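The sequence and structure come first.

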Amino acid sequence: MSVAPELTPLLELNKLSMSFGGLRVIDDLDLVVNQGEIVSVIGPNGAGKTTLFNLITGIYRPDAGEILLGDESLVGLSPHKINRTGVARTFQTLRLFLNMSVIENVMASQYGRTKVDVVRAMLRTPAMRREEKEIRARAEEKLTFFGQRLMGYRWNQPAYSLSYANRRRLEIARAMATEPKILLLDEPAAGMNPTETHEITELIGQLRDEGGYTILLIEHDMHVVEGISDRVVALDHGVKIAEGSFDAVATDPRVVEAYLGTKTTTTK
Amino acid sequence: MSDRPDTPAAPEPPAEPEAGPQVGVDSWVASHEGRSGRGGLLGWLARTWESIPDAVKLLAFVGIAASLPFWLLTSEGDLFNFGLFTLLFIGFGLGLNVDVGWAGLLDLGYVAALGIGAYTYAILSSGYYGIHWPAEVTLPIAMGVAMIPATILGFSARRLLGDYLAIVTLFFAEAFLVFANVANPTIFGKGLTGGANGIPQLDPLTFFGHAITSTKGLYFFLLGAVAVVAAALYLANQSRTGRAWRASREDPLAAEVMSMPVNRLRISAFIFSWAVAGLFGAIYAAILTATVSTNFSIGLLITIYAVIILGGLGSIAGVVVGAIIINCVFVFLEPQTDHPGFKRWLFYVTIILLIALLKPWYKAVVVYVGTIASGFIVHAVVGAWAGPAWTSGKTVNGASWLSHWVVIPKVAHGNINNILYIGLVAAIVLVATLKGWWRIIALGPTLYLTAVVWENVLSENPGVTALILFGAMLVGLMITRPQGLLGQARVEIV
């Protein structure tokens, strides 16, 4: 890619394992995401991609292994604390605060970045007013990142009134407003038409180049993965089966096998 | 990615025409509400209402409420029943709105908080223990005491939500009643809560040596308290904490991942709710000058829920409107000497207005004509067939013209009242199952039957009638406007 990333590891997973009952969903996984990189995780359905995100963000606790952000271990922290150390995510099945306005969604997620307590809020102290102004300004800044898509009249509308693609964008804006070091995007292009997919691909590039975020991405759409990934990691049954450039991974026989099955199982 | 030749060029997004959004684009969808009706008087009212700043709304409410004792509620009794109790219900509703409306926690133990506030005031400001602390000390203590169980219940909301939390909180409310009523532990030689008799003869609210004893004084004090609490809760809701409460109601998991400590927020919502309840519970006790555990039973809980659901969950203005409607309906249905005919007017005017909502207009006309006609026909037929003894009864509280239309027997004939009542229920079920014009045609006789039942049965039994009307009102509301009168429509995307 055009930007040569300096290879300082930001997110490190060491020997990460997780099972549900007897089912191993993540098996001895090692993964490093370097500062300023865009890393894509691919794999067939049920490969453990979303579980990986749930582990990193603290929704699940790993059975074994380490998750490091910089020097800080994330294992055992509650999700809101993990967010405060600098990890933000979007969800595969959109999870917006649907009955709040668009801008409130982006303001709400700054909770962990702000301090004024509710007593001072009820008294509307100068510190509170100042912070509230900052919250709104940051929310507007993040929404402006999406150009015309989330501008102006839409800010005060309830989030449920947005189109599907805009809800995906709003989720990214909400994650950005927590000022993370690394953004985890879970299928950002799912359910989008080709134009929108192309737009989101460019947007993810901009997030890295202009926003300065490191990005870990789950995506099924290979055009997106091919377009932006510095590195691609392929998972199958919780095991890393390939890692490297898109072309290398896409032609790796084990990846092809994971997606299409082995030759012996085909009828011809 | 610029070096990949096979990436398709992004088509320019279509420019939006100046005149208005194109059909199908986002802004067209967004302006749906503006296009699809909400015209006419109701639409104008809704738009005007939304354009008024919230501070102005609060000032207008306080201004109007403060003027009421001088023109509308001039008599002592009216000011007490309509004014004071409406304000109390607003206070109760404001508290419940925090944990139920904003934080989305189904709290059925709320009445216990009111009771705790009331008993705290009763113990610290009465001759019961001989402690006569002034209200400026007792009210904050009442709030503080109510916060303690709120914290404990808040911890249970860490793991329990929805039905489970409802069960735990309901259990707490019942346990409180049993504690106050039966357990009544002996402290300093006396039962702490006075058992079934409660604690009588509380001090009047006394601030810095000035006792508020007149109804008017209590009214203005309570109005001030309600306004301050409403403003404080409004400001809390418009802060990062308020946004986080609502976010954790909308999607707790997403809120947690987006840096909000959901468990702590739930506890704080409980504490806010119960502190407000402690305050107004104490004021309630002071106004009644006594406190008994039966004041804080499930009936009160249901009424407060009716207030916030009718007005619209999560809306402060909705709490005010809901409290006014619910309390006034209650008072009007009570047997009262001040306004004997009012109840009847309320009943008929409500029905006439409800029918006027039918669209198109000629359906409403058909129903009106059908109702009036079936009245005269039935009256004539019954008079000719069964004799004047069946039709010569008089209505209660005057309105003699009604007895030429509604069949009122001179004396009660066996089970006729019960049969009429069951017949009405059957007729309503029938109307609900019919479709189209059949329903419109059946509505007329059914409404007439309603009037007959009202005059013969319901207006004689105000207690039962109040509950039936409440039920009907809430069912009607659920069907026509599930978000409540002033609530925001809640949408789930599936």
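Axes are lines fitted to C-alpha atoms, for helices over the stretch in contact, and angles run from 0 to 180 degrees between N-to-C directions. The model described here is predicted. Chain A contributes 41 residues to its contact with chain B, and chain B contributes 34 residues.

**Sheet and helix α1 of chain A**

- Helix α1 (residues 49–56) of chain A lies across β1 (9–20), β2 and β4 of chain A, and runs at about 65° to β2(A).
- The sheet in chain A is open and has four strands, in the order β2-β1-β4-β5, with antiparallel pairing.
- β2 (23–34) and β5 (72–73) of chain A are the edge strands, each pairing on one side only.
- Two bridges join β4 (residues 64–69) of chain A to β5(A) in the antiparallel sense.
- A:L69 stands opposite A:E72, which belongs to β5(A).

- On the side of chain A that touches chain B, the elements giving two or more residues are α2 (79–85), α3 (102–108), α4 (118–123), α6 (164–176), α7 (194–209) and α8 (222–228) of chain A.
- By class, this side of chain A has 17 nonpolar, 16 polar and eight charged residues.

**Helices α16 and α18 of chain B**

- Helix α16 (residues 361–386) of chain B packs against helix α18 (residues 436–456) of chain B at an angle of about 45°, and their axes are 7 Å apart.
- Because of that angle, α16(B) is oblique to α18(B).
- The crossing of α16(B) past α18(B) is right-handed.
- On the α16(B) side the contact residues are B:K363, B:V366, B:V367, B:G370, B:T371, B:S374, B:G375 and B:V378; they meet B:I440, B:I441, B:L443, B:G444, B:P445, B:L447 and B:Y448 in α18(B).
- This contact of α16(B) with α18(B) has nine nonpolar, five polar and one charged residues.

**Helices α5 and α12 of chain B**

- Helix α5 (residues 76–102) of chain B and helix α12 (residues 262–288) of chain B cross at roughly 165°, and their axes come within 8 Å.
- The angle therefore makes α5(B) roughly antiparallel to α12(B).
- α5(B) passes α12(B) in a crossing that is left-handed.
- From α5(B), the contact takes B:L84, B:L88, B:G91, B:F92, B:L94, B:G95, B:L96, B:V98, B:D99 and B:W102; from α12(B), it takes B:A269, B:F270, B:F272, B:S273, B:V276, B:A277, B:F280, B:Y284 and B:I287.
- The contact of α5(B) with α12(B) consists of 15 nonpolar, three polar and one charged residues.

Notes: Residues are numbered from 1 along each chain as its sequence is written. Chains are lettered from A and ligands numbered from 1 in the order in which they are written. This is a predicted model: local features need pLDDT of at least 70, side-chain atom pairs count only at pLDDT 80 or more; totals for chains, interfaces and linings use all residues. Two residues are in contact if their C-beta atoms, placed from the backbone, lie within 7 Å. Ala, Val, Leu, Ile, Met, Phe, Trp, Tyr, Cys and Pro count as nonpolar, Asp, Glu, Lys and Arg as charged, and the others, Gly among them, as polar. Two strands pair if DSSP finds at least two bridges between them. Angles under 35 degrees count as roughly parallel, over 145 as roughly antiparallel, 65 to 115 as roughly perpendicular and the rest as oblique. A crossing is left-handed if the near helix is turned anticlockwise from the far one by less than a right angle, and right-handed if clockwise.
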